[in-house]
Amino acid sequence: MTLSRRTLLAAGAAASLVPAGIAAQRRGSNAARFSLGYAPHEGSFASRGGRIEQIAYAADQGFTAWEDNEAATRSVAEQEQMAKALAQRGMTMGVFVASMPKWSQSRPLLGANDGAEREAFLADIRASLDVAKRLNAKRMTVVTGFMDPKVPVDIQTARVIDVMRRAGDIVAPSGTAMVMEPLNTRTNHPGVYMQTISQGYAVARGANSPAVKILADLYHEQIQSGNLIPTLDTCWNEIGYIQLGDNPGRNEPSTGEINFASVVKWLKAQRYTGVIGMEHGNSIAGRAGEDRLIAAYREIDAA
């Protein structure tokens, strides 16, 4: 999560181009719909225009969902415009970030002795419900903050569980759920509190709320722990959202070490019908990279 999604989108690295025939097939509109709810985001198809034009293009290529981590920072008019565009195309809204951490300050400290940051977090959650309603979003991303070196880890865990339970009480009546995102500390986010899906499982079980689930970002989990399918299987009843991104590089499937075809096959076996966020950049800039992105998802979707 953190990387500004715009930074991710700008990422470009040398890689093999998709064969011309495959790329050409992807340029047409009104392609067959994907069998799972893969969700591009602003920048995935940057060559096609602004946010609304990109939504239209994604729909024409068969994508049925969209996500926008920064939606809460946009004006009400922009949020309503995006919601209208998604509704017109029959697309599902994925996650947005409900409480954005202060990355440069390594805050909040939700497990600290001082409860002020927990109260500020809860205020963000309350405010996010209006955004979720506007966008018809059923999932909101939350990050459980950073480690406080002055407080024992077990005490911090208890406090994080407490604040997530309180947040769940706020959110549950809306029918929406927060999804807590574990983040890797080895490449991107040193010092964060929640680092693995299994840690998220412990917090979700402790919070014991239908509005508190886990966001399984497989890029982060591959770096931090690996063992993706067994971990998903063990924690499945507390996982509320999936995001993909290959490692290394955090680009589209087929650019790194993760066997996404096997992951998708497993998700289909679970009859997963939720959104799958395309939480990564394009390995090649411009339309060639966009064609490559679509082809990569066609390949894994056929698993």
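Me: How many aromatic pairs does the structure hold?
Reply: There are nine aromatic pairs, counting Phe, Tyr and Trp (its six-membered ring) with centres within 6.5 Å; planes under 30 degrees apart are stacked, over 60 edge-to-face and the rest tilted. This is a predicted model, where local features need pLDDT of at least 70, side-chain atom pairs count only at pLDDT 80 or more, and totals for chains, interfaces and linings use all residues. Residues are numbered from 1 along each chain as its sequence is written, and side-chain values use heavy atoms, with hydrogens and water left out.
Me: Why is the pair of Phe45 and Phe63 tilted?
Reply: The ring centres of Phe45 and Phe63 are 5.9 Å apart and the planes are at 45°, so the pair counts as tilted.
Me: And are Phe45 and Phe63 buried or exposed?
Reply: Both Phe45 and Phe63 are buried (under 20% relative accessible area; exposed is over 50%, partly exposed in between, with a 1.4 Å probe and protein chains only).
Me: Which residues do ring pairs link into a cluster?
Reply: The cluster is made of Phe34, Tyr38, Phe45, Tyr57, Phe63 and Tyr297.
Me: Switching topic, how many residues of strand 8 are buried?
Reply: Six of the six, residues 239-244, so strand 8 is largely enclosed by the rest of the structure. Strands here are DSSP runs of E, at least two residues, and helices are runs of H or I, at least four, numbered from the N terminus.
Me: What stands opposite Ile242?
Reply: Ala216 stands opposite Ile242 of strand 8, and in strand 9 the bridge partner of Ile242 is Ile276.

Definitions and conventions:
Two strands pair if DSSP finds at least two bridges between them.
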